[in-house]
Number of protein chains: 4
Amino acid sequence: MIGWSHASAPGSLLRQIGRSALTGTVAGRAARVLLMFAVTAARFDSADPLSALELGERPEPSPPDGWTTITVRAASLNHHDVWTLRGVGISADRLVVHAVVGDPGSAGVADETLDPARSLLSERYQGTFAQRLAVPSRNLVPKPAALSFEQAACLPTAYLTAYRMLFGKVALEPGSTILVQGAGGGVATALILLGRAAGHRIWVTSRDEAKRERAVTIGADQAFATGARLPERVDAVMETVGEATWSHSLKALRPGGTIVISGATSGSMPPADLSRVFFLQLSVVGSTMGSRDQLARLLRFCAQAGVRPVIDRTMPLDQAPAGFEAMISGDLFGKVVFTL
Amino acid sequence: MIGWSHASAPGSLLRQIGRSALTGTVAGRAARVLLMFAVTAARFDSADPLSALELGERPEPSPPDGWTTITVRAASLNHHDVWTLRGVGISADRLVVHAVVGDPGSAGVADETLDPARSLLSERYQGTFAQRLAVPSRNLVPKPAALSFEQAACLPTAYLTAYRMLFGKVALEPGSTILVQGAGGGVATALILLGRAAGHRIWVTSRDEAKRERAVTIGADQAFATGARLPERVDAVMETVGEATWSHSLKALRPGGTIVISGATSGSMPPADLSRVFFLQLSVVGSTMGSRDQLARLLRFCAQAGVRPVIDRTMPLDQAPAGFEAMISGDLFGKVVFTL
Amino acid sequence: MIGWSHASAPGSLLRQIGRSALTGTVAGRAARVLLMFAVTAARFDSADPLSALELGERPEPSPPDGWTTITVRAASLNHHDVWTLRGVGISADRLVVHAVVGDPGSAGVADETLDPARSLLSERYQGTFAQRLAVPSRNLVPKPAALSFEQAACLPTAYLTAYRMLFGKVALEPGSTILVQGAGGGVATALILLGRAAGHRIWVTSRDEAKRERAVTIGADQAFATGARLPERVDAVMETVGEATWSHSLKALRPGGTIVISGATSGSMPPADLSRVFFLQLSVVGSTMGSRDQLARLLRFCAQAGVRPVIDRTMPLDQAPAGFEAMISGDLFGKVVFTL
Amino acid sequence: MIGWSHASAPGSLLRQIGRSALTGTVAGRAARVLLMFAVTAARFDSADPLSALELGERPEPSPPDGWTTITVRAASLNHHDVWTLRGVGISADRLVVHAVVGDPGSAGVADETLDPARSLLSERYQGTFAQRLAVPSRNLVPKPAALSFEQAACLPTAYLTAYRMLFGKVALEPGSTILVQGAGGGVATALILLGRAAGHRIWVTSRDEAKRERAVTIGADQAFATGARLPERVDAVMETVGEATWSHSLKALRPGGTIVISGATSGSMPPADLSRVFFLQLSVVGSTMGSRDQLARLLRFCAQAGVRPVIDRTMPLDQAPAGFEAMISGDLFGKVVFTL
């Protein structure tokens with residue numbers, strides 16, 4: 001099963017984190033177990049987020065009507081999880097759609113990402129870094145047989161985000177040239193794999209030579225140092241870096257080109273350069289997560305095109321702190337997946 | 001005739017300005033006159049642009065093959081003309097498409113505004129503030145009988161810009177709510193008139209209470225002080241102000257909404273607020289001028305909907321300095337038109 | 001209140017018809033009345049549909065949770081209602097979204113018209129031709145003060161259909177030329193009013209000279225005899241006639257033009273003329289009803305643009321047979337509205 | 001070089017045919033040769049088109065200004081060429097854009113396929129089945145090194161047509177399900193290859209079991225007998241067959257789905273089934289050839305995705321009659337290419 005999930009328990013400083021993609025099998029309805037192993041945010045610490053991580057036993061979820069409990073097999077780590085430890089975005093009332101991976105399927109839901117009433121479910125429910133998890137049944141879709149539990153656990157957050165950026169937010173005919181700013185993160189590697197699998201020419205930037213080399217290995221046509229002059233103007237830029245690359249992204253576009261942005265890890269307030277935007281008739285388009293329909297198409301796309309998510313490392317859930325440490329240090333190329 | 005025109009003579013400090021909309025009748029081919037009255041930029045002066053204006057005799061244009069000389073009847077003033085006096089944008093090699101108004105018609109041209117080879121013709125040719133003007137014949141379209149020469153002279157720059165912003169750059173069904181930032185300028189009044197004539201609810205902001213009142217008089221549903229909290233989020237914002245209103249524009253949009261921008265008179269470098277853009281999935285879309293097809297539809301639209309451009313004042317071309325002065329002081333509601 | 005409603009009682013030959021638009025006020029929850037006046041389909045008769053109409057007392061609706069009972073003030077007649085009397089489309093399991101007009105408001109529903117699970121609610125629920133009616137509460141929207149109950153009763157079926165055809169199914173900039181096939185029906189008059197109010201040039205065809213004249217009176221730019229050669233090719237054709245006009249519609253389009261079709265009253269099986277479709281790169285786009293969001297924008301559009309539905313005749317509900325007769329004979333220009 | 005070319009000489013019954021894709025090297029400007037080998041249509045014969053073919057010497061082309069003569073290396077056969085022998089479409093004044101393959105490059109041209117003034121150049125110029133050919137220089141693009149002359153000769157007609165159908169006329173996110181009607185023709189095999197290379201799930205129909213098997217071999221997910229019931233409704237249908245499959249195509253679509261059509265080899269006049277079109281909100285979209293920009297993206301797409309056109313057989317130009325015979329008999333899977 002793959003689907004949407006959410007994180008953290010309400011009314012408790014002990015927040016069971018792991019906001020997103022995981023893999024599991026659907027548990028029997030009458031789950032008797034009272035305690036399970038889980039990784040939680042014991043508190044918030046903006047300076048030393050790792051110190052807020054706690055491993056131990058937590059109550060099993062008891063799903064309301066219309067929810068399903070699944071036995072988690074794999075769950076992937078996202079930047080959001082580090083932000084949770086830091087206490088960022090936790091008080092806001094926003095939905096962050098996440099994903100679970102398991103067995104049986106479920107039915108239709110429209111795009112909720114524009115719903116003004118959406119709320120961050122991680123404020124109210126248990127997260128994915130646990131032995132068992134309850135999610136709304138409609139949020140579950142079948143795991144494709146061709147993907148391992150670890151691979152499938154990567155799809156619903158990073159890969160769905162990349163899918164919508166590339167295919168839902170801009171209309172590019174195959175053979176277009178797309179610049180991906182940043183080469184190592186989960187979304188950036190997803191952009192390279194998915195963009196290339198759809199027939200585009202992918203150019204990548206990174207400050208790190210090793211990451212540039214790996215980007216070419218997984219399908220990028222060329223990789224450049226951050227801010228480098230490109231051989232020609234591109235049709236579109238995929239942005240998740242923000243301030244550090246924004247000026248370069250605007251200058252990289254051909255007249256009429258588009259930047260799609262789904263994150264700003266280096267900062268959110270670069271100068272907007274409005275004159276360039278209007279004079280060259282550029283577009284800047286924001287994107288967040290994706291719809292259930294898009295997740296279904298992403299799965300079929302991976303099956304048809306042979307796409308397999310790039311996993312930097314897989315580790316048992318009880319070694320979660322080491323995974324968080326790698327993400328905080330930026331020393332990753334692809335996803336971190338925890339298994340159970 | 002209405003069409004595209006351009007400004008300034010090459011290789012000369014005496015630049016005949018008036019980059020845009022004008023009205024005229026097609027002259028006989030064998031125009032014998034050697035000198036004509038014209039308004040020119042004798043030099044560039046960023047501090048005192050008015051001092052650079054010169055009125056006097058200039059050589060008649062001698063059109064190359066495929067060009068037509070028209071006798072100018074009316075020409076409207078645009079911010080670009082002030083910038084020319086200030087020396088801004090004159091060295092750059094960009095096309096600014098402008099417009100002429102006269103009698104007989106001409107044939108099809110695609111959207112040139114995305115052509116990377118476009119050049120600012122005002123670098124090479126005479127401008128519109130003169131008794132006679134040569135323009136490429138294909139750039140001429142018939143003046144609708146229902147519009148006066150003065151009214152028609154407003155269409156090809158300010159109204160065409162507004163038309164593309166509202167109808168070519170965002171897909172809004174009639175009955176949508178659109179915020180227009182700034183109420184007095186030529187493009188802003190065009191946005192109010194055209195948006196309302198297409199059935200949208202138009203909200204306007206201005207620092208000036210008198211302009212807010214006039215905005216409601218010409219069709220705005222409501223007018224607000226600059227930066228004021230709006231009754232609800234809007235579907236789209238039309239921006240020509242830039243820095244002074246950018247933050248308000250971003251906050252005014254509903255999730256998934258769009259800002260269309262065609263100018264930034266108050267500055268081009270506000271903070272981009274990328275987090276808001278991606279989290280609410282906003283779009284920022286640049287726009288410049290319009291295509292010949294769009295000009296033809298604009299004319300039919302004005303005829304069908306009874307739109308008549310708002311003209312602040314009409315004056316003989318030999319009083320051009322007073323018109324420039326009014327524009328520089330910002331003391332305008334609608335267009336300034338010079339007649340001959 | 002305006003909203004969606006539906007027609008006919010299940011398990012009964014006595015079908016209370018009136019599938020669509022009506023006007024009313026919200027009744028007190030504890031409606032005690034046991035019987036009310038209603039117009040029903042006593043049976044189906046394809047040859048003599050009028051004979052199947054029955055006027056008399058019917059049980060009051062008892063709304064389930066989430067439904068609201070409203071007191072009907074006005075309800076408009078649609079071709080669907082005649083088809084119901086003929087027994088057409090009654091056994092199929094399709095949703096036909098209709099509309100009610102009353103007082104208090106309600107909240108958001110997405111576009112259901114593509115839902116494969118949609119069902120014709122008239123199979124299960126009471127129709128609108130009755131003193132009282134129960135509808136899902138979320139299907140109710142406030143009636144604009146500027147419209148009378150009779151006018152508002154026309155909007156949710158004929159005018160919403162026309163709105164989606166013109167603005168949701170094709171992207172036409174104002175000033176485009178649109179051909180409306182047929183001039184008298186409820187949807188055709190709505191297409192003329194709404195298309196003109198959005199700034200388009202509307203051309204109309206009809207076999208009936210009087211209807212052609214009235215079409216021009218309500219805003220059509222020109223009216224032509226059915227099948228007549230047009231002055232020039234059009235950007236789009238709005239079709240509800242079908243077989244009798246299809247060949248003309250295809251020939252009327254400019255290269256790249258679009259036919260939007262929402263009905264085929266004269267027959268559904270004209271030759272498709274595929275060579276013309278592909279050689280001139282035409283589009284044929286089907287349309288059915290509209291979404292709740294579109295209904296909200298339609299109401300705002302009518303308010304901003306001063307659109308008032310064209311009503312051919314208003315009559316008390318107990319004279320419904322005469323209204324049906326006029327529709328069957330085709331002797332209408334605009335809508336028939338029943339009042340209570 | 002690859003580019004656009006055209007067929008047939010004016011004022012002569014001897015029409016040098018081969019309307020489309022070919023491959024060559026740019027000849028020296030001062031081409032002295034007076035005669036060259038060519039395949040021409042000596043006359044038109046609708047019953048026995050093969051009898052109209054003539055092989056022999058023809059005058060060398062003498063290109064006007066702005067045209068380039070290239071030495072043909074390979075040229076592919078299209079159904080149009082058979083139609084030329086039959087005298088179909090020859091008198092009409094339509095542009096059929098074709099393609100040449102050679103060496104040096106050329107510059108920008110917009111989409112001409114909607115130009116009402118377009119004309120069938122094969123009425124006026126020499127076709128591609130000859131040793132040398134003159135084409136407008138701007139219609140030439142560089143041949144990608146990765147493709148052979150024979151492969152490249154397939155791209156500008158069949159593959160460009162398929163490219164525009166799949167990517168220019170409908171917006172499908174990767175992982176969509178697309179039905180291709182007919183499995184063996186040049187455009188159908190192109191649709192399978194290109195659709196699959198962009199990550200879609202391709203379903204194919206054919207009456208011929210061997211062709212169904214080959215379709216799966218080159219990338220189709222499943223192949224079905226013509227008219228067979230499909231496992232589920234599809235997002236889009238690609239049509240080139242017409243009458244024989246039209247009803248099946250309409251029934252195969254999910255609500256809101258799209259048929260893209262670029263040909264109708266089995267006939268053009270099936271019943272249109274307008275009720276299905278409007279009730280399920282289907283779209284039917286015509287498509288013809290493609291733009292120069294699309295050809296450039298197609299070449300990059302083939303390079304990035306490793307697409308290599310499927311060639312049924314390659315033969316020397318002097319054996320052209322055998323190639324025509326295979327096309328007329330329908331006994332092909334992929335393209336016929338003539339070499340020189």
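## Symmetry of the copies

Chain A superposes on chain B by a rotation of 180° with 0.0 Å of shift along its axis, at an RMSD of 0.1 Å. The two copies are thus related as by a two-fold rotation axis. The model is a predicted one.

Of the interface residues of chain A, 100% are also interface residues in chain B, so the copies meet through the same surface.

## Extent of the B–C interface

The size of an interface is often given as the accessible area lost when the parts come together. Between chain B and chain C, the buried area is about 1,800 Å². Carbon and sulfur atoms give 44% of it. On the chain B side, E173(B), P174(B) and Q304(B) lose the most area to chain C. Together they make up 38% of what that side buries.

In residue terms, 21 residues of chain B are in contact with 21 residues of chain C.

## Polar and charged pairs

Two salt bridges are found across the interface of chain B and chain C. R297(C) and E173(B) meet through their side chains in a salt bridge, with N to O at 2.8 Å. E173(B) is also among the residues of chain B that lose the most area to chain C. Twelve residue pairs are in polar contact across this interface, both residues at pLDDT 80 or more.

## What chain B contributes

Three elements of chain B give two or more residues to the side that touches chain C: helix 3 (155-168), helix 4 (186-197) and helix 8 (292-305). Helix 8 of chain B gives the most, with five residues.

By type, the residues on this side of chain B divide into six nonpolar, eight polar and seven charged.

Note on methods. Residues are numbered from 1 along each chain as its sequence is written. Chains are lettered from A and ligands numbered from 1 in the order in which they are written. This is a predicted model: local features need pLDDT of at least 70, side-chain atom pairs count only at pLDDT 80 or more; totals for chains, interfaces and linings use all residues. Side-chain values use heavy atoms; hydrogens and water are left out. Contact means heavy atoms within 4.5 Å. Buried area is the accessible area (1.4 Å probe) that two parts lose on being put together, summed over both. A salt bridge is a side-chain nitrogen of Lys or Arg within 4 Å of a carboxyl oxygen of Asp or Glu. A polar contact is a pair of N or O atoms within 3.5 Å; within protein, one must be able to donate a hydrogen and the other to accept it, and residues adjacent in sequence count only if both atoms are side-chain atoms. Helices (H or I, at least four residues) and strands (E, at least two) are DSSP runs, numbered from the N terminus. Ala, Val, Leu, Ile, Met, Phe, Trp, Tyr, Cys and Pro count as nonpolar, Asp, Glu, Lys and Arg as charged, and the others, Gly among them, as polar. Copies are superposed by least squares on the C-alpha atoms of residues with pLDDT of at least 70 in both.
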